[in-house]
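Please try each task before reading its solution.

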Amino acid sequence: MNKKLLPYLFSVVIIFIALGLSAFYNSPKKTGRLIIHFIYMADGKKINKDSIYTNAFGETYSISKLKYYVSNVQLNNFKEKESYYLVNALAEDSIVLNIPAGNYSNFNFLLGVDSLKNCSGAQSGALDPLNDMFWTWNSGYVMFKMEGKSSASNADQQRIEQHIGGYKGAYKTMRQINLQLENAITVSPNENTSLTIKVNLDKYWKGINEIRIAESPVLMTISEKSKNAADNFAGMFSVANSDQSSPKER
Amino acid sequence: MKYRIIISFVFFIAGALFIISAVKEDGYGPYKPTPLKFIIPKGWPTPPTNIFANNKLTEEGFQLGKKLFYDGRLSKDGEVSCASCHQQFAGFSTYDHDLSHGVNNTFSNRNAPALVNLAWMTAWHWDGGINNIEVQPLSPLTAANEMGETLESVLAKLKNDDEYRKMFKAAFGDATITSQRMLKALAQFTGSLVSANSKYDKVKNGETTFTDTEQKGYNIFKSNCSGCHKEPLFTDNSYHNNGLTLNRFNDIGRQKITLLSSDSLKFKVPSLRNVQYGFPYMHDGRIYSLTQVIQYYCSINTANPTLDPLLKNKITLSELQQAQLKYFLYTLTDTSFTKNKRFAP
């Protein structure tokens, strides 16, 4: 081995070790996990596949499917990049976020999918068309989907199919949901913190606008009625409780 | 001398490791995609959006897209492929069928549009309901009166096919088969279907000249048709009401997509490239021959209040002029496209 090369080799090795160590120490370990749970209530009851609920118009109904998109999640100044979640209510899905440790008093998200992603071609993950949340004949995502049955429905087999979609202009149906946390939550490094959001489905039928099953048992195109239903989204969500380090509590 | 031995030994080991690591995982060989360049024909506009911006065009992706395009297994009964209604010899439209045939002897409600120069479009389908070329196949794949299949089932079939796993690896780097990759591969094939070598193009490039009849027809075309069928793509990709009455399917066209009553009965202007083979014509194939199409435009009721303003001036052509126009339209036939082996199965 040529002795002249040795110092160079040595310095190269030192640089690599230094780089490795710095990456190790600077790696952001200062994040914690925030687990967002949703509880779904209708007619004063927690929803499940077998229950019957009555809405504000005295119409009885059941829910067999409830899925919706949560995207562009933001807690105070922390914005999660490329965040798209498809929440399946009857599977009791929760959303797990890795966020910088700190105190948070705002939880904001888009209910639905932003317009750009609606026209950006074939997607994967939560946005995969396999999830049956994409309209194939008038391209775009179904932001919110609720299915069930109702004796008030005049549709085939007394169905309810509320497929709320549309991302353009006056008929857009994604809605910004901004929630203020009364008690700020503290996300500590490497720890789990949970936040429980209540979703009140009574407000879907009667919020800013009225959606009567007898009139609109099936919504599955862009329409004035779908837009009206989307206007009710924001009223459905509220903070139930924020609870430190006890993700199993619901 | 010693160094040389050491260096060559190191290279040998590195090379061997590289080959082993590339081959060992799936037995499909290393991932070495061949980039393809999308060529804009001379004198043509740059496409409004680059459909390959997030879908890198490669030979392997193109070949996979082609295999998918011609594969009947993408349909429920295994009989209907994309190519069933988009036939190459008809300029990738349906030859001699007013409506597309779907699985189980069903009919769709529309005439299959020609897949040509799709890269210059920003919306697809007769009503422009499709906002990205990549998501277009979802529509015919899942429509009960077209291919009648579910996405899950299509993917399951592909995953069970070793040839597909191999081709997905070659196109995308590993053998994972996803809807996203399938759709992107299809877009690589359909987006590459460029027809720009007709007699018309050769005349424009100074390689040949029109006959006297064709030239007269071209002049007629320019003063009567080019408002919508804009050169060189022979469409302006906009939507117009050309006076056709509401059909038995109550197909209101563009209005279904926008909900605007002003879009009632508007349909997307089809390109006239290879129009000779595109019969029957119109969104529901209601007009059988090119001669009859020209006759139709000469007989439009211009008092129709919803008729497109561009058609309000009555088109008056003698029989001879109609024939001249037709001969011009024949110059848009591009047999190097309809017979291109590269686009054939």
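**Exercise 1.** Determine how the axes of helix H2 (residues 59-69) and helix H7 (179-191) of chain B are placed relative to each other, and which residues make the contact.

*Solution.* Axes here are lines fitted to C-alpha atoms, for helices over the stretch in contact, with angles running from 0 to 180 degrees between N-to-C directions; helices (H or I, at least four residues) and strands (E, at least two) are DSSP runs, numbered from the N terminus. The axes of H2(B) and H7(B) come within 7 Å and cross at roughly 95°. The two helices are therefore roughly perpendicular to each other, a class that covers 65 to 115 degrees, whereas under 35 is roughly parallel, over 145 roughly antiparallel and the rest oblique. With two residues in contact if their C-beta atoms, placed from the backbone, lie within 7 Å, H2(B) contributes Gly61(B), Phe62(B), Leu64(B), Gly65(B), Lys66(B), Leu68(B) and Phe69(B), and H7(B) contributes Met182(B), Lys184(B), Ala185(B), Leu186(B), Ala187(B), Gln188(B) and Phe189(B). These residues divide into nine nonpolar, three polar and two charged, where Ala, Val, Leu, Ile, Met, Phe, Trp, Tyr, Cys and Pro count as nonpolar, Asp, Glu, Lys and Arg as charged, and the others, Gly among them, as polar.

The model is predicted: local features need pLDDT of at least 70 and side-chain atom pairs count only at pLDDT 80 or more, while totals for chains, interfaces and linings use all residues. Residues are numbered from 1 along each chain as its sequence is written, and chains are lettered from A and ligands numbered from 1 in the order in which they are written.

**Exercise 2.** Describe the side of chain B that touches chain A.

*Solution.* The contact takes 19 residues from chain B and 17 residues from chain A. On chain B, the elements giving two or more residues are helix H4 (138-142), helix H5 (151-159) and H7(B), and of these H7(B) gives the most, with four residues. The side of chain B divides into seven nonpolar, nine polar and three charged residues.

**Exercise 3.** Locate the buried residues of helix H11 (residues 290-298) of chain B around its axis.

*Solution.* A residue is buried if 20 or more other C-beta atoms lie within 10 Å of its own, exposed if 12 or fewer, and partly exposed in between, with C-beta atoms placed from the backbone. In H11(B) the buried residues are Leu290(B), Val293(B) and Ile294(B). They cover an arc (that of the directions from the helix axis to the C-beta atoms) of only 95°, which puts them on the same side of H11(B). These buried residues pack against helix H12 (319-330) of chain B.
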